[in-house]
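Please consult the sequence and the structure shown here.

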Amino acid sequence: MIYTVTLNPSIDYIVQVDDLEFGATNRAQGTHFFPGGKGINVSRLLANQGIPSKMWGFLGGFTGNYISETLASDALDFTPVSEASRINIKIKGNQETEINAGGPTISEDELKAFKAKFSVLTAVDTVIFSGSMARGLPTDIYQNLVTLVQKSGAQFIIDTTGDALKATLAQGPVLVKPNRAEVAELYQQPIESLSDVQKAGERLIQDGAQHAIISMAGDGAMFFSNDEMYYAPALVGKVVNSVGAGDSMIAGFVGALSQGMSNSECFKYAVASGTATAFSADIAEKQLIDELFNQVTLQNMKES
Ligand SMILES: Nc1ncnc2c1ncn2[C@@H]1O[C@H](COP(=O)(O)OP(=O)(O)OP(=O)(O)O)[C@@H](O)[C@H]1O
Ligand SMILES: O=P(O)(O)OC[C@@]1(O)O[C@H](CO)[C@@H](O)[C@@H]1O
């Protein structure tokens, strides 16, 4: 079974404001609510591909109720918390501006109840940890949870940033997928040219990742393993809502991996899934992913 962990889920409130003016009353051209948080997005894309997963994390309050009612799925296995889950604001205009809230503070008892779920894991499972930590959790929470996963023999994937990414890299994730800004922050150096991306990706593998993807939004993505390196130029199309594009990449890769596909096919599914979500209002559907899969081209960087 694939488990996704979203420690800090959200309602994503998408607000279309064509000419945002600070310090003035702006009128929205359109608004949408989506259940969000990175792990939830991964599970939603997997479900659209017909691949089951279970969703773990914390949900609370009226916002938590909205998320569980909207998802209405057997896959939900969240730990209830007393404070309300957060609302993240995504303003779409000439540019995309995001305001992500801090979210609820998790108590010691709530964390204990959550950790108890890990006792069901066995060696055939994969746990995907995605997103920021909730308040009140120890700063080494991801390292602790990865240790629990590894005790069961299961594997893990992590999509987070900063010190938590640095520490868990050494624990050998199946996949990490930082974007350019996140990898620049991790290694404290600017990542501008493709050669900078190449060096950073090789370092992610040296530092412990089994596979790494560095995503570059409209500039495409690069894939790394011990002996493979591919660059996928971005596909051209109309970007509708890129929220969750990175999460969709992870879901695309893991879904293909769970079906025994090669690294290059898994990467192509990752790019097709990320792009399909960027070209959709919500998390992408299977039909668009399959259409775009046939358009993804890979350049083998070990041969160039
Ligand atoms: N403007 C775009 N044009 C074409 N493809 C895009 C665009 N934006 C995203 N993509 C596709 O989606 C992938 C992931 O996007 P991105 O690098 O923005 O991830 P991210 O920063 O993790 O996103 P998020 O945090 O919103 O999930 C890209 O590598 C690319 O394949
Ligand atoms: O604050 P975090 O946890 O880093 O990111 C949360 C978030 O921006 O990530 C998803 C898109 O990747 C959204 O659904 C959600 O609002």
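Q: What makes the shell around ligand 2 divide into nonpolar, polar and charged residues as it does?
A: In this predicted model, the shell residues of ligand 2 comprise 1 nonpolar, 9 polar and 6 charged. Asp, Glu, Lys and Arg count as charged, and Gly is placed among the polar residues.

Q: Which residues are closest to ligand 2, and how many surround it?
A: A residue belongs to the surroundings if one of its heavy atoms lies within 4 Å. By that criterion 16 residues surround ligand 2, and the closest are Asp12, Asn88, Lys90, Ser132 and Asp247.

Q: Which elements give two or more residues to the shell around ligand 2?
A: They are strand 2 (10–16), helix 1 (38–48) and strand 6 (86–92). Strand 6 gives the most, with 3 residues.

Q: Why is ligand 2 said to lie between domain 1 and domain 2?
A: Domain 1 (1–21 + 28–173) and domain 2 (175–304) both give residues to its shell, so ligand 2 lies between them.

Q: What makes the approach of Lys177 to ligand 1 a polar contact?
A: A polar side-chain atom of Lys177 lies 3.1 Å from an oxygen atom of ligand 1, which is within 3.5 Å, so the pair qualifies. An N or O atom in the side chain of Asn179 is 2.8 Å from an oxygen atom of ligand 1. The protein covers 85% of the 630 Å² of accessible area that ligand 1 has on its own.

Q: Which elements give two or more residues to the shell around ligand 1, and how do its residues divide?
A: The elements are helix 8 (245–258) and helix 9 (263–278). The shell residues divide into 11 nonpolar, 9 polar and 3 charged.

Key. Residues are numbered from 1 along each chain as its sequence is written. Chains are lettered from A and ligands numbered from 1 in the order in which they are written. This is a predicted model: local features need pLDDT of at least 70, side-chain atom pairs count only at pLDDT 80 or more; totals for chains, interfaces and linings use all residues. Side-chain values use heavy atoms; hydrogens and water are left out. Helices (H or I, at least four residues) and strands (E, at least two) are DSSP runs, numbered from the N terminus. Domain bounds come from an automatic or database domain assignment. A polar contact is a pair of N or O atoms within 3.5 Å; within protein, one must be able to donate a hydrogen and the other to accept it, and residues adjacent in sequence count only if both atoms are side-chain atoms. Accessible areas come from the Shrake-Rupley method with a 1.4 Å probe; for residues, only the protein chains shown count as cover.
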